[in-house]
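Work through the exercises below with the model open. Try each task before you read its solution.

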Amino acid sequence: MRAFLAVCANDLRQRMRDRTILLLGLLGPFVVASVVGLAFGSGAKINAAIVVADLDHSEQSQQLAAVFRQEGGLGEIVDLKEVDTEDAARDEVSAHSAGAAVVVPAGFGAAVASRQNTPVTLTVLVDPASTIEASVAEGVVRRYLGGIATVRLAYATAASTGATAAELESLPPPDPRDPLELETESVFQLSAVDYFAPAMGLMFLYFTVLFGAATFVREERTHTLSRLAVSPSRSVDIIGGKLAALFVIGLIEMAVLIAATSIVFDVPWGGLLPLAALVVTTVLSAIGLTALVSAVSRTEEQARSIGSAVILSLALFGGQFFMTAGAPQVFLDIQAATPTGAALIGFTDLMIAGGSATFATVWWPLLYTGLFGLATAAIGAALFERRMHR
Amino acid sequence: MDSARCVARGLRKAFGDLVAVDDVSFHIDSGEVYGLLGPNGAGKTTTISLVVGLLARDGGDVSICGDDIDAGAKVRAHIGYVPQEIALYTELTAAENLRFWGRMYGLGGSELNARVAEVLDLVGLAERAGDRVQEYSGGMQRRLNIAAGMMHRPELLILDEPTVGVDPQSRNAILTDVERLGASGMAVLYTTHYMEEAERLCDRVGIMDSGRLIAEGTRRELIGSIGEDDRIVIGFDHGTDLSAATDVLNAVAGVRGVTVDGAEATVLASDGRVVLAHAVRDLSAAGLGVAAVELQEPDLESVFLHLTGRALRD
Ligand SMILES: Nc1ncnc2c1ncn2[C@@H]1O[C@H](COP(=O)(O)OP(=O)(O)OP(=O)(O)O)[C@@H](O)[C@H]1O
Ligand SMILES: [Mg+2]
């Protein structure tokens with residue numbers, strides 16, 4: 001145990017003298033998350049800027065506009081602006097100050113209320129670059145029109161079966177609110193910063209920890225490995241101590257990232273205990289890969305290039321570079337099979353679950369990254385041990 | 001053999017077709033400095049690696065202070081190992097290095113601190129204790145390399161060519177350190193390809209060549225074993241009668257032969273020091289002017305040359 005602690009402390013001391021590690025590990029993810037934050041609107045949730053031009057001023061047109069304002073529903077992500085003319089709406093979209101506009105023409109309310117086959121017209125103006133706004137606006141309009149069609153069908157059916165005028169009158173008017181709330185919510189829950197804070201954090205965590213593989217090979221080059229091997233310490237203490245140092249560095253790095261992004265960007269990391277557990281197993285997965293990379297690298301240069309190759313492939317498939325919501329299922333399956341992807345899914349699931357997150361929310365990422373880390377660490381350490389006593 | 005700190009029997013190691021160590025046996029007692037003398041590639045480092053368990057043996061066995069080297073990690077606590085290369089953390093200070101290596105051998109607390117100070121003092125680096133090793137000169141790094149192997153007061157100290165690449169002054173300091181350690185009762189295994197180091201330090205020397213231990217003994221025993229004579233080279237004053245001188249020299253007891261070359265005579269004798277004294281006395285009694293005298297005794301270099309037909313250093 002004394003040897004384990006001595007090796008761990010010794011490695012930490014050396015790493016702390018290396019400024020580049022500190023910069024890369026602590027500032028790196030923060031800088032990248034900030035840049036992403038700036039690019040996507042600094043830290044706030046995605047705001048879908050939508051304009052409604054109500055030329056009708058009827059009960060029905062107000063109902064439609066209210067859908068976009070609904071609290072706990074679209075109101076959470078839509079920034080609604082009402083204008084008086086179609087031209088004003090068009091200007092807003094052309095000037096990119098709104099991503100989409102819904103034009104409600106005069107006579108809309110009467111047409112809806114008529115329950116006859118009077119055509120109901122709604123115009124949606126979209127900025128093709130603003131896919132989120134466009135799909136939200138179109139979605140709302142389609143649902144609304146669908147609701148009208150349903151009511152009209154019910155009316156026609158009732159009329160053809162001989163219902164009285166009073167009975168027909170009692171059929172419900174279309175209510176656009178009910179079916180609209182939930183569908184949009186799950187897709188747009190995370191802002192870009194929320195997503196990229198863990199995504200980039202994971203990539204930088206892997207960089208700092210995997211580059212630690214070079215310190216194993218380095219001990220060989222500097223012959224300190226022979227000296228360690230001849231000491232009365234067990235190899236498991238020596239290798240374990242070195243991995244433990246990287247583990248501590250990884251934990252610190254993740255803690256700083258989580259603290260900083262939640263303060264600066266309001267990233268909602270989720271429940272503390274499941275989050276802490278996921279951080280531990282995630283760092284463990286990086287440690288395991290480090291042990292493997294150490295075992296197969298002959299030179300420090302090799303350790304770093306193998307490490308980089310591993311990190312970049314994992315980052316690509318793990319969804320570190322782009323938001324994966326909506327990607328094909330095959331890709332999502334591959335993502336879940338990479339340790340970085342599984343961890344990222346875990347972190348974002350914790351954010352989505354918010355206050356109701358428990359260990360059960362992330363049981364799979366926890367189990368997967370934890371077991372992955374332990375297994376690879378055991379294999380890597382066993383392989384490296386053979387280099388100490390040949 | 002109670003006092004045996006290190007016993008190696010029939011050590012063998014091959015790298016592919018190359019037999020780097022071939023049936024090597026030796027033992028080292030406490031207080032004894034044992035030298036492995038041999039040219040580059042003789043197999044000294046490989047032998048040491050087998051002794052400390054860094055390399056797996058193809059044959060033979062090793063016991064350290066009575067325990068088999070394979071008996072477990074604890075056996076290695078008897079050994080202080082100083083590799084041929086500098087094996088230190090160069091971005092740490094000397095004191096940090098020593099503290100770390102001390103901990104790896106189970107030292108701690110005030111004992112560790114005291115020992116760090118003591119060892120730094122011993123190798124003359126106390127004043128530079130807080131400097132990073134990368135700022136040290138080569139000679140200082142060498143001495144710290146040795147210091148790191150002595151932290152835990154090992155019973156057997158193994159030094160692999162500790163003076164390679166060191167200036168004469170540092171080298172002398174290192175040799176003095178080793179002499180002191182031997183005198184303190186530590187057993188020392190010392191490898192070198194410098195004949196003078198082996199002669200100065202080692203109680204017994206094993207001469208290695210091409211993986212084999214080709215001779216072993218004290219310096220006297222080794223030199224005696226090759227039966228080579230001492231040579232006395234005598235330079236005469238200008239105009240001296242050299243044939244008269246040759247007669248005088250041949251008459252001195254113990255002289256085995258005299259050859260003359262110019263104004264110089266070379267005398268072969270089994271005990272050069274005694275013959276030299278008598279020769280000078282008899283020459284001056286005969287009125288023959290001696291300008292210079294040099295005694296050339298055979299050394300370990302001559303032993304190596306005699307045994308292998310090659311010089312130690314090519
Ligand atoms: N790991 C290895 N793989 C292959 N050959 C090796 C290995 N280590 C040593 N050798 C070979 O074994 C022989 C003995 O090498 P060794 O290092 O023991 O010599 P040495 O006496 O210590 O030489 P030097 O004075 O140069 O240090 C050499 O021919 C060397 O090339
Ligand atoms: Mg050597």
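**Exercise 1.** Which side chain meets that of B:Glu91 in a salt bridge?

*Solution.* Start with the rule: a side-chain nitrogen of Lys or Arg lies within 4 Å of a carboxyl oxygen of Asp or Glu. The partner of B:Glu91 is A:Arg218, at 2.9 Å, N to O. Next, take the whole interface of chain A and chain B: the rule finds three salt bridges across it.

This is a predicted model, where local features need pLDDT of at least 70, side-chain atom pairs count only at pLDDT 80 or more, and totals for chains, interfaces and linings use all residues. Residues are numbered from 1 along each chain as its sequence is written, chains are lettered from A in the order in which they are written, and side-chain values use heavy atoms, without hydrogens and water.

**Exercise 2.** Find the helices of chain A that each supply at least two residues of the side touching chain B.

*Solution.* Helices here are DSSP runs (H or I, at least four residues), numbered from the N terminus. The helices are H1 (2-16), H10 (213-221) and H11 (224-230). H1(A) gives the largest share, seven residues.

**Exercise 3.** State how many residues touch and how much area is buried between chain A and chain B.

*Solution.* First, count contacts (heavy atoms within 4.5 Å). Chain A brings 25 residues, and chain B brings 34. Then take buried area: the accessible area (1.4 Å probe) that two parts lose on being put together, summed over both. The value is about 2600 Å². Carbon and sulfur atoms give 58% of that area.
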